[in-house]
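Dear colleague,

Please find the structure below, together with a summary of what was found in it. I would be grateful if you could read the two side by side.

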Amino acid sequence: MSQPILQLEGVTVETTDGGPAPLLEDISLELEVGDVIGVVGEAGAGKTLLVRTVLQLLPENLRLTRGRVRLKGTDLGTLSEAELRRLRGTELAPILPDAKSQLNPLLRVGDMMTAVLRTREKVSRKEARERAAVLLQTVGITDPTRRLEAYPHELSGGMAQRVCIALALMHSPSVIIADEPTAGLDVTVQRQVMDLMAGLVRARDAAQLIVTRDLGIVAHYCGRVAVMRGGRIVEMAPTIELFDSPRHPHTRELLKAARREGVVRRSQTVAERA
Amino acid sequence: MDVVEERPRRGAAGLATTARLVREARLSPLEVLAFIIFLVIVFLALFGPRIAPYPTETANPLLRLLPPSWAHLLGTDVNGMDIWSRLLAAPRTDVFIAVVATGLSVLVGAPLGVIAGYFEGNRRRLSSFVGEGILRLLDVVQAFPVFIFAMVLVAIRGANVVNIVAAVAFVNMPVFLRLVRGEVLQLRDRPFAEAARVVGNSDLQIGFKHLLPNALPPLVVQISVTVGFAILLTAGLSFVGAGIAPPTPELGNMISEGAKFMITGQWWPSLFPGIALGIIVFTFGVVGETVGRLLQPGGRPVRERGAELNVGAQQAVADMVQEKSEVR
Amino acid sequence: MLRRLLLLVPQLLLISIVTFILIRMLPGDPARLQLGPLAPQAGVDELRRQLKLDQPIPVQYIAYLERLIHGDFGHSWVNQSNVGADLALRVPATLELIAYGLLMMLLVHVPLAIITAARGGGTVTRLLKRLTFGYGLLAGALPDFWLGLLLIFIFFVRLHWTPGPEGRLGVAATPPAHVTGFYTIDALLTGNFNAFRSAVAHLVLPVVTLSFVYGAPIYKMARSTMTTALRSDYTTYAEGLGLPRWRVLWYAWRNAAPPVIVMFGVISGYLLGGAVLIETVFDLNGIGQYAVQAITTSDYAPIQAFVLVAAVFTVLVYLVVDLIHYGVDPRVRRTRKA
């Protein structure tokens, strides 16, 4: 267990056309089995870019210029496109924001799930469908056989996110990268989805990297937190420590804002009840 | 190539304009080139016949089908006329017809488009009916094959410039109607239109004073594309003998006259007019696209639609696609 | 969808009315033209009565519609032939040209668009991107009839690789028995391989010309929609889940295809008349060429028949396009039902 599953060493991402400053600068992180690390920051801090860097899915005009992303010791930068493809979905699975826009609008849920399943496992179409149905049940979808026939636009946001979780867990990956997993969901659904994800991930012994703006999620689900700003990690600490005694001024700002927002939220619910 | 050689004559004004444009608009080299050629075309349309070194409509049987030489840069045609001279004179015919016809299409199509778009689905029966009616009529008009339709129109009235202009204008009109209608449909419920309504503008005022100007960038792109298409249409009509007849210098009939000699090995009478035609159409396309981009607040390109050059029905595509996305 | 089909009836009726009015506006008296300048006036009057030309316009129209319903497209006074029979011979020639042209666009332009829209790629792809960029800019601006002539000059006059513009078959080949009207297919069906070779050879240049010029909008549309599809969230997500590259491209293409299908429809509708210039250059004896001849000789019946056939064809093509779209996109299905 000494070797971390996912390891970022001084990751720096720059634009290829010589943009002024690096978009990500000197990011280092380590995830061990069972670790859940949260990455927080304002919009534009580079969180989503970090996710895409880990997945090795950078937009065409961006490059990893320094540093390494290691998965179980292997430097992902040295792998071919085909080898990377084999790792994605099996070792490294993404859960991305706004699930409804992540699912191809012209594909039935079942077709997408069987396609992902059959990419790695030689199973018959029929068997793949049955497995998909079981998996949908695991993520709390009640009538799975009917939902397999559904198109994404026929799903609610929460349901779509559950489908995405099912897709991510399909091959029991060792690392899950979740980018804003609760974006676009109702507050009550957010909790359900996060509880579900946390439970399933723990049961499978996977590590998790949760990128979010929501400090509430971090407080609840993450063991450690990295605070990002302007493409750098400005502070990283165990969650309790960070919440109790934030060291970086930006962390303090974020916490203050979050508390204020919490107040707002509470008064909103009161107003709704009235 | 043949047209580009005219560049030095336009040097001073052209350079000054383009230099400024390049600075302000970050034009690509291709766009700069297109603008230069555009100015050359405009110049030729105005003065082409005058600067031609040889007479452009006088046959000389002694000089029949001479290959390119120093005396006749691009050779001579079947009637012994100098091709280079006729090329210099031809844009006047083609560009004139295309520009006037397109202008007419816009003048008729755009207002109808505003009305159709503004009143479509209006709560008042009559207005809604007018909007719908215009569109359904348009469906029928557009079902007819553009080229043959234009030919029939010309045949009804006889092949002269006026009738060709009318025919070309008529077959292109639906494009503008649909384009403007689509834009108006998108814009009419925006807050600024709502604001104009609240302060007491009439429907027509809102449509023409507030919505139409906002449809300008795509309209400009479409105009340039349509001018290009209209030039091809005019040349095509002349090619089959239903357009401008020789000896009037016109690119389509020049190609047509040379066609049979292509097979016997005399390539020059047809080759050069075709190249000129390609350059002209291409230039109008690029210039329109660029101007459209510059008109657009923020300088972003005007969608992809302006890129489709040849088929007159290209707007129908954008339109059908748009209708489909409206359904969503 | 039912509404869409119902709309077809008034549309077709309107088309027949417009055709009728247009043709009535052509100069000259159809009866006189049909019988020739030397026919006695009594005969002309008799024909006018037969064709109901002496009746008011609405009655004439009804009579015309009746003849149409009985499959009577009229009589060409220039060719002294039955227009219906002429069409049966010439429509397939045009359709064959268009069909192979569209097929070539489907097999060349669309894959090319998909490849050049995809990111990355080796030197070959990058070279392709360069070439197709130039192509996209140029092809739409070139007149098809001129390009046809140029190809004839290069490949027939200079290189002798292809036959000249002498029609659909060489002189040595006998036309195959009529089955579908497509020479290539009929020749294969009847085992007339000589005619098959000749038909293919005579189709190469026209088809290349057609797809080069009219494939440009298809190519541009396909590349632009494919680029959008490949940049979308669902593509990144599919990549992130490790789906094979061909599958990612296929899934993206399913989203990119509908506007391209529409474009195919618009172009085939346009080409039925628009291919006339290519038909003329290669002397393919197609329907467009037939119409042009008819117009230049003021031959009423063929023009009327052609315009009608073309308009109906266009309307049907759009209908097919809509049906395909309806089949491809579940979102359209749902909202149309509601």
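What percentage of the contacts in chain B with a separation of 6 or more do residues 24 or more positions apart account for? The share is 69%, where two residues are in contact if their C-beta atoms, placed from the backbone, lie within 7 Å.

Before the details, a note on conventions. This is a predicted model, in which local features need pLDDT of at least 70 and side-chain atom pairs count only at pLDDT 80 or more, while totals for chains, interfaces and linings use all residues. Residues are numbered from 1 along each chain as its sequence is written, and chains are lettered from A and ligands numbered from 1 in the order in which they are written.

Chain B

Chain B contains 12 helices and zero strands; helices (H or I, at least four residues) and strands (E, at least two) are DSSP runs, numbered from the N terminus. Of its 328 residues, 54% are buried. A residue is called buried if 20 or more other C-beta atoms lie within 10 Å of its own, exposed if 12 or fewer, and partly exposed in between, again with C-beta atoms placed from the backbone.

Just after α7(B), B:Gly200 adopts a positive phi of about 95 degrees.

B:Gly258 lies in helix α10 of chain B. This residue counts as buried because it has 25 C-beta neighbours inside 10 Å. Leaving aside residues up to four places away in sequence, B:Gly258 touches B:Asp77, B:Pro269 and B:Ser270.

Contacts with chain C

Chain B contributes 49 residues to its contact with chain C, and chain C contributes 57 residues. Several helices of chain B each supply at least two residues to this side, among them α4 (125-143), α9 (216-239) and α12 (314-327). The largest share, eight residues, comes from α11(B). The side of chain B that touches chain C has 34 nonpolar, 10 polar and five charged residues. Here Ala, Val, Leu, Ile, Met, Phe, Trp, Tyr, Cys and Pro count as nonpolar, Asp, Glu, Lys and Arg as charged, and the others, Gly among them, as polar.

Chain A also meets chain C, with 24 residues of chain A in contact with 19 residues of chain C. On the side of chain A, α4(A) gives the most, with three residues. That side divides into 13 nonpolar, seven polar and four charged residues.

With kind regards
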